[in-house]
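This report describes the fold of a single protein chain, from its overall make-up to selected local features. Please keep the sequence and the structure in view while reading.

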Amino acid sequence: MDRVQTAETAETAAHGEPAEPVNSSPAEPTREATREVAPEPPPLRPRHRVMAWAAGLLTVVPVVITACRALDTDAVTPVPQLLAFLPWLTVPAGLALLLAAAARRRVLTFVTVLVLGATAWSTVPYMPQTVISYGLPLARVKVIAANVEFGQGTRALIELTRRERPQLVFVSECDRACRGALTTTFATALPHYASVEGEGSVGSILLSSYPLRDWRMIPSTMGMPGATADIAGVPVRLQLTHPMPPVPGQVSLWKRELGRVKAAVAARRTGPMLVAGDFNASQDHAAFRGILAAGGLQDAARRADESRTPTWPAEGPLPPFVQIDHVLVRDFSVREVRFPDLRGSDHRAVVADLDLRGPR
């Protein structure tokens, strides 16, 4: 028995250590091997970050201006100036949407869609194109409103007046030379007038083929004369407007002078009225819409589906981008509105063909 050795004893003697038992079953996987590792998110590319920031910055101005438009306020500088560009703010809003989509930012893309939609909605004409009931037409009246820029467009206005043969002409920035040329040239066709004499932008004149009475002037830096004309036996109040522009530093003055126009039209809530000239305000300015509401007036350009036709600036490096010259009416129907160029002036003229209507 002592001499008999098992295979295990022999192997132990040969190697000096016991042999490990052989396990024929497969090894069990460890816990670390069975755990799935979540993939890491791809790093944000630098150019995507830049596009996202650019998209955010591009929405700032459209958001602020659209909000002021919705809240019916002109606020302070630079809001009144930027409101003149409101329809054009859809361009940066649209570009912001493209950049947000390219940057693959879902939330930012959704926000820019809202901004673009709100900006586009704000450009819809402010006055609904409703059907207005009128009485019978009493007289055909053609009106020209023109800013001749310190008198430089006087010759072009004379040519336009000869061609159009209007019954009423509202002229802003008509200096003494301009006034003399117009009253001499149209002494027969437009013999009646109310004017404010002055040089540069101060002078203004209202020419009429109808007799004028009850002459009054709205206090302002630049001339804003008004009078009453008898047209087909009906008294029609006429008012020329030319407030100061809303340049930085005089926005308060601009609001104050437009407020005086508003008060003047509000004082005459009944009867036919024509208010025309260079308002230095567009349909997107709350101060301008306040005049319409106070006097129950209609913008002739809107009645003719021309409320977005720009009238300024008509000369210089920029093309015209905003309509600030208007003809506002009450108890008139509108046949047509056109905006001819005036050589020498930075404004287009407004030519409105109207019908004076009798009582409803």
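Among contacts in the chain between residues at least 6 apart in sequence, what percentage join residues at least 24 apart? The share is 66%, where contact means heavy atoms within 4.5 Å.

## Basis of the model

The model is predicted, so that local features need pLDDT of at least 70 and side-chain atom pairs count only at pLDDT 80 or more, while totals for chains, interfaces and linings use all residues. Residues are numbered from 1 along each chain as its sequence is written, and side-chain values use heavy atoms, with hydrogens and water left out.

## Overall make-up

The chain contains 12 helices and 12 strands. Both are DSSP runs numbered from the N terminus, helices being H or I over at least four residues and strands being E over at least two. Of the 360 residues in the chain, 47% are buried. Buried denotes under 20% relative accessible area, exposed over 50%, and partly exposed the range in between, for a 1.4 Å probe and protein chains only.

## Helices α4 and α7

Helix α4 (residues 60–70) and helix α7 (residues 106–122) have axes that come within 10 Å and cross at roughly 45°. This makes α4 oblique to α7. Axes are lines fitted to C-alpha atoms, for helices over the stretch in contact, and angles between N-to-C directions run from 0 to 180 degrees. Angles under 35 degrees count as roughly parallel, over 145 as roughly antiparallel, 65 to 115 as roughly perpendicular, and the rest as oblique.

The crossing of α4 past α7 is left-handed, a term for a near helix turned anticlockwise from the far one by less than a right angle, clockwise being right-handed. On the α4 side, P62, V63, T66 and R69 take part, and they meet V115, A118, T119 and S122 of α7. The residues of this contact comprise 4 nonpolar, 3 polar and 1 charged. Here Ala, Val, Leu, Ile, Met, Phe, Trp, Tyr, Cys and Pro count as nonpolar, Asp, Glu, Lys and Arg as charged, and the others, Gly among them, as polar.

## The buried helix α11

How many of the 10 residues of α11 are buried? The number is 9, so α11 is largely enclosed by the rest of the structure. The buried residues in α11 are A286, A287, F288, R289, G290, I291, L292, A294 and G295. Their cover includes α4, α10 (251–266), β9 (298–299) and β10. After α11 comes G296, with a positive phi near 60°.

The loop between β8 (273–278) and α11 (286–295) holds N280. N280 is a residue other than glycine with a positive phi, near 50°, and it counts as buried at 12% relative accessibility.

## Aromatic pairs

The structure has 3 aromatic pairs. Rings of Phe, Tyr and Trp (its six-membered ring) pair if their centres lie within 6.5 Å; planes under 30 degrees apart count as stacked, over 60 as edge-to-face and the rest as tilted. F279 and F288 form an edge-to-face pair, because their ring centres are 5.4 Å apart and their planes lie at 90°. F279 counts as buried at 0% relative accessibility, and F288 likewise counts as buried at 0%.

W312 and F321 are also edge-to-face, with centres 5.9 Å apart and planes at 70°. W312 is partly exposed at 30% relative accessibility, whereas F321 is buried at 15%. Ring pairs join F85, W312 and F321 in a cluster.

## Cis peptide bonds

P313 lies in the loop between α12 (300–303) and β10 (325–330). The bond from T77 to P78 is cis as well, with omega near 10°, and P78 sits in the loop between α4 and α5 (79–83).

## The loop between β1 and α8

E149 belongs to the loop between β1 (137–147) and α8 (154–164). Its phi is positive, near 50°, in a residue other than glycine, and E149 is buried at 12% relative accessibility.

F150 is in the loop between β1 and α8 and is partly exposed, with a relative accessible area of 42%. Leaving aside neighbours within four places in sequence, F150 is in contact with E173, D175, G200 and S201. F150 and G344 are 194 residues apart in sequence, and 9.6 Å separate them in space, C-alpha to C-alpha.
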